[in-house]
Amino acid sequence: MPISFQRHERMLYGDIKLYTGSSCPELAGKIANYLQVPLCEREIITFPNHNIFVKLHSSVRGQDCFVVQTATPPIHRNLMELLIMLQTLRLDSAARITAVIPYMWYARSDKKDQPRVPITARLIADMIEVAGADRYITIDLHAGQIQGFFTVPGDVLTSFHILIDYMLTIQPMMHEPVVVTADLGFAKKGRNFAQKLNTPMAFIEKRRLRNDSKAQAWTLIGDIKDHDVIIVDDEIDTGGSMVQAVNLLKSKGARDIYMSFVHPILSLNASERLAALPIKQFITTDTLPISKENRLPFGDRLKILSVSSLLGEVMLRAHEGRSVGEMFNE
Ligand code: R5P
């Protein structure tokens, strides 16, 4: 890209102003370190009636603003914080506003798959845009079609390169590993892992029986007998799917099992349930913060890989008007 264009972009959007809500201070701090900019000061107050009030401590007029906020509990409060921050930036005449959402709200409500149900991810995309976002950046959306719910441009990133680089370092310890996807929805992405690791693949066909969070593992497609297994999925919520997947794999003769998931939601007592499983290592990212209490049951079997450099680099490139695809040789 011509240098003059980069200069023009910088002038158009001003300096980077990095904001964050209350959801992921640690990740936001790491992004700030990567970008070598401070986290901008702001106040977030909750009134006795639960209304949220935001005040920025300095002007953002003409600046390139980023707000980092992720869908961790309390998810509705954190969503409102994001929306209010976006609107505050808009009203203070920011030149450009990017919502940086490591884990997207309601990403599993992405289609009408039964009568009389909402598509809540679409509603969320509308709200983010109406609140003032000109762009968004997110990681491993549960379903690719959510990109089409936004009318503003976005960078939908994947943590694949971060996870695979780590897996390659531990692969020599494994015995003829097989990559298994715990959900057919993740099969295509699972294939990428198997290709890079040069391993066979197997799939678990799973069906949800009701609209609650209980899943039932049904069938294993592929051969894992006497192999080590790497189970990959996009997220772990209650851990129900993984508990059943592991039981199924063990009953079919799997040796050591490694578990990799991008988004550590870990609701209810997921940590205890997962930690009780015969898993060699749990590999995940910091798209969502994992509380101390949730980390504890895993001990040193939990490996958390940070997405901060990925997000920081993409934010920098967006700011400078440089290609993001270039980062992945695309
Ligand atoms: C399913 O569609 C996802 O890929 C995950 O398998 C699911 O979110 C896991 O949920 P849980 O941990 O509650 O079984």
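Buried means a relative accessible area under 20%, exposed means over 50%, and partly exposed lies in between, with a 1.4 Å probe and protein chains only. The model is predicted: local features need pLDDT of at least 70, side-chain atom pairs count only at pLDDT 80 or more, and totals for chains, interfaces and linings use all residues. Residues are numbered from 1 along each chain as its sequence is written, and side-chain values use heavy atoms, with hydrogens and water left out.

Q: Why is R317 called buried?
A: R317 has a relative accessibility of 10%. The limit for buried is under 20%, so R317 counts as buried. R317 lies in helix 10, residues 308-320; helices are DSSP runs of H or I with at least four residues, strands are runs of E with at least two, and both are numbered from the N terminus.

Q: Which residues does R317 contact, leaving aside its neighbours within four places in sequence?
A: They are R322, S323, V324, E326 and M327. Contact means heavy atoms within 4.5 Å.

Q: What makes helix 3 roughly parallel to helix 4?
A: The axes of helix 3 (residues 75-91) and helix 4 (residues 120-131) cross at roughly 30° and come within 8 Å. Axes are lines fitted to C-alpha atoms, for helices over the stretch in contact, and angles run from 0 to 180 degrees between N-to-C directions. Angles under 35 degrees count as roughly parallel, over 145 as roughly antiparallel, 65 to 115 as roughly perpendicular, and the rest as oblique. Helix 3 is therefore roughly parallel to helix 4. Helix 3 contributes L79, L82, L83, L86, Q87 and R90 to the contact, and helix 4 contributes I124, M127, I128 and A131. These residues divide into 8 nonpolar, 1 polar and 1 charged, where Ala, Val, Leu, Ile, Met, Phe, Trp, Tyr, Cys and Pro count as nonpolar, Asp, Glu, Lys and Arg as charged, and the others, Gly among them, as polar.

Q: Why is helix 2 called oblique to helix 10?
A: The axes of helix 2 (residues 25-35) and helix 10 cross at roughly 50° and come within 8 Å. That angle makes helix 2 oblique to helix 10. The contact is made by L27, K30, I31, Y34 and L35 of helix 2 with S308, S309, L311, G312, E313, M315 and L316 of helix 10.

Q: How do you know that strand 2 and strand 3 pair?
A: Two strands pair if DSSP finds at least two bridges between them. Strand 2 (residues 42-46) and strand 3 (residues 52-56) have 5 bridges, in the antiparallel sense. In strand 3, F53 is the bridge partner of I45.

Q: What makes strand 1 and strand 7 stand at the edges?
A: The open sheet has 5 strands in the order 1-4-5-6-7, with parallel pairing. Strand 1 (16-20) and strand 7 (154-157) each have a single partner strand, so one side of each is left without a neighbour in the sheet. Strand 7 pairs with strand 6 (residues 135-139) in the parallel sense over 4 bridges, and V156 in strand 7 is the bridge partner of T138.
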